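The sequence and structure come first, and the description follows.

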Amino acid sequence: MNEPLLKKRGAPRTEPVSTAQDSRADTRLLAPVIRAIEDRLSREGRAVVALDGMCGAGKTTLAARLGERYATEPIHMDDFFLPFALRTPQRLAAPGGNVHYERFLDQVLNGLLRGGEVRYQRFDCATGGLAPCVHTPAPVTVIEGSYSHHPFFAGAYRELRALRVFVSVEEGEQLARLRLRAPEKLERFQSLWIPLEKCYFQAYDIMRGADIALMSQPWERAKEAAE
């Protein structure tokens, strides 16, 4: 393919990606992201990658593959959901308001800008408490999770020269994966979490703002392609 990896304007190119339990398929189909990371490393000596997208699309799996490849522990947006005390009707009515984006910017992105260890607090959904966590610096930093492309982070991402990757999946495949992963939570996904994501994606045109867009393939098709 002769297209440039990164586009400054317009919609990002969409590449197929697998989330099958086959690291070869994931690595091969992550090729455009890996090429972009290698380019960042060769020119700047570091790379920050943020994977946003639909729940069930495979963001966590893909982040784990990148983490294995580049010997780095991914930072998860699930650790930055809004504490219970801050969940006011006004806050939750705002697109992306259910994530504690102020804490993520202050503790993680500003920490990366300063350099060295990144110390942050992880939100525990079960207790509502915050637990200390330390991210060890590495040439490649991987951030994954819905809301990781929130416009509140735009300035810091520009300074970090972050590579923003959007991962999508067909809705039927999405529901099949969520049903398999957590059948007891499927209704909650359909009635609350998926609509909240869609509102955020549409309000801020998240996919169009990404540098690379990946379309997650059905597991069985991806498994066959890897064989």
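Helices here are DSSP runs of type H or I with at least four residues, numbered from the N terminus. The model is predicted.

**The largest pocket**

The largest pocket has a volume of about 1,100 Å³. Its lining consists of 35 residues, and those nearest the centre of the pocket are D78, F81, R181, F189 and W193. By type, the lining of the largest pocket holds 16 nonpolar, ten polar and nine charged residues.

Three helices, namely helix 3 (59-70), helix 7 (171-181) and helix 8 (186-204), each give at least two residues to this lining. Helix 8 provides the largest share, with six residues. R181 is among the residues nearest the pocket centre, and R181 in helix 7 also takes part in the contact with helix 8. Likewise, F189 lies among the residues nearest the centre and belongs to the helix 8 side of that contact.

The table sets out the axis geometry of the two pairs.

| Pair | Axis distance | Angle |
|---|---|---|
| Helix 2 and helix 3 | within 12 Å | roughly 40° |
| Helix 7 and helix 8 | 11 Å | about 135° |

The axes of helix 2 (residues 31-44) and helix 3 cross at roughly 40°. Helix 2 is therefore oblique to helix 3, and the crossing of the two is right-handed. On the helix 2 side, the contact is formed by V33, I34, I37, E38 and L41, while helix 3 contributes L66, R69 and Y70. Six of the residues in the contact of helix 2 with helix 3 are nonpolar and two are charged, with no polar residue present.

Helix 7 and helix 8 pack at an angle of about 135°.

Which residues of helix 7 and helix 8 meet? From helix 7 come E171, Q174, L175, L178, R179 and R181, and from helix 8 come L186, F189, Q190, I194 and K198. The contact of helix 7 with helix 8 comprises five nonpolar, two polar and four charged residues.

Terms used
Residues numbered from 1 in each chain as written. Predicted model: local features only at pLDDT ≥ 70, side-chain atom pairs only at ≥ 80, totals over all residues. Heavy atoms only, no water. 1 Å grid on protein atoms, 1.4 Å probe; cavity = no way out; pocket = protein on both sides within 12 Å on 5 of 7 lines; lining within 4 Å. Points joined across faces, edges and corners; volume = space filled by probe spheres on them. Nonpolar A, V, L, I, M, F, W, Y, C, P; charged D, E, K, R; others polar. Axes fitted to C-alpha atoms, helices over the stretch in contact; angles between N-to-C directions. Parallel < 35°, antiparallel > 145°, perpendicular 65-115°, else oblique. Left-handed = near helix turned anticlockwise from the far one by under 90°. Contact = heavy atoms within 4.5 Å.
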